[in-house]
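The following paragraphs lead the reader through a structure step by step. Please keep the sequence and the model in view while reading.

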Amino acid sequence: MRTANLLERVKDGSELFARACVLRPDIIVSDISMPVMNGLDVMRRLKEYGLPARFILLTGHADEQLATEALSEGAAGFLVKPVVTDDMREAIQTVAKGDVYVPSFIQPRREIAPLTCGLEHASSADGRWILLSR
Amino acid sequence: MRPTILLADDCEMLGVAIGEVIADRQPSGEGEGRQ
């Protein structure tokens, strides 16, 4: 049984914005670093546009500041590349349930307090990620 | 009901990970190259 249905794959931020408006996916999995418009900017614009899709953002660096910024602006998940399949599956399943998927290098702080307030924390056995469950 | 996903990136590694999730396959070479 499949975990999710992939609607389409795009290669830059402008194309992502346009196709997301048409396809209206449940979840957008996007690299932050992309040509034309980065993933964070696309997320901001799509939220302004009113698209209810949940975002899982990815980057090549375990940058706590960037991850905190993404989550505080409404991303539902953050992954560091290279992404292994189990992490991707866990992130998609977590976000699809309405929970937030956060890597373990981020400690919940004041900046993302609105996001973490009242949520229960659970860590994976190997400590790679933290699940914030509503 | 399965969630629908729109993928945006130009990284083959991510495409492989997504592909395995979509197909619900067991990953091959899991953990290789992880930083």
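The term pLDDT denotes the predictor's confidence in each residue, on a scale from 0 to 100. This is a predicted model, in which local features need a pLDDT of at least 70 and side-chain atom pairs count only at pLDDT 80 or more, while totals for chains, interfaces and linings use all residues. Residues are numbered from 1 along each chain as its sequence is written, and chains are lettered from A and ligands numbered from 1 in the order in which they are written.

Confidence is the starting point. Chain B has an average pLDDT of 67, and 51% of its residues score at least 70. For chain A the average is 83, with 78% of the residues scoring at least 70. Over residues 29-35 of chain B, pLDDT stays under 50. Where pLDDT is low, the predicted coordinates should not be read in detail. The model as a whole scores ipTM 0.81 and pTM 0.79.

The next topic is the architecture of chain A. Helices (H or I, at least four residues) and strands (E, at least two) are DSSP runs, numbered from the N terminus. Chain A contains five helices and seven strands, and along the sequence they follow the pattern β-α-β-α-β-α-β-α-β-α-β-β. Within chain A, confidence is highest in H1(A), at a mean of 96, and lowest in helix H5 (residues 113-116), at 52.

A residue is called buried if 20 or more other C-beta atoms lie within 10 Å of its own, exposed if 12 or fewer do, and partly exposed in between, the C-beta atoms being placed from the backbone. Of the 134 residues of chain A, 39% count as buried. A nonpolar core is a set of buried Ala, Val, Leu, Ile, Met, Phe, Trp, Tyr and Cys residues joined through C-beta atoms within 7 Å. The largest such core has 43 residues, and A:Ile56, A:Leu57, A:Ala75 and A:Phe78 have the most contacts inside it. Two residues are in contact if their C-beta atoms, placed from the backbone, lie within 7 Å. Leaving aside residues up to four places away in sequence, A:Leu57 touches several residues, including A:Ser30, A:Ile32, A:Ala75 and A:Phe78.

Which residues of H1(A) are buried? They are A:Gly13, A:Leu16, A:Phe17 and A:Ala20. Seen down the axis of H1(A), these buried residues fall within an arc of 100° (taken from the directions from the helix axis to the C-beta atoms), so they line one face of the helix. The face turned away from this buried side carries the exposed residues A:Ala18 and A:Val22. The buried residues of H1(A) pack against E1, E2 and helix H2 (39-49) of chain A, together with E1 of chain B.

That packing leads to the contact between the chains. Chain A contributes 35 residues to the contact and chain B 24 residues. On the side of chain A, strand E1 (5-10), helix H1 (13-23), strand E2 (27-31) and helix H4 (85-96) are the elements that give two or more residues. This side divides into 20 nonpolar, five polar and ten charged residues, where Ala, Val, Leu, Ile, Met, Phe, Trp, Tyr, Cys and Pro count as nonpolar, Asp, Glu, Lys and Arg as charged, and the others, Gly among them, as polar. Two strands pair if DSSP finds at least two bridges between them. E1(A) pairs with strand E1 (residues 4-8) of chain B in the parallel sense over five bridges, and the bridge partner of A:Leu6 in E1(B) is B:Ile5.
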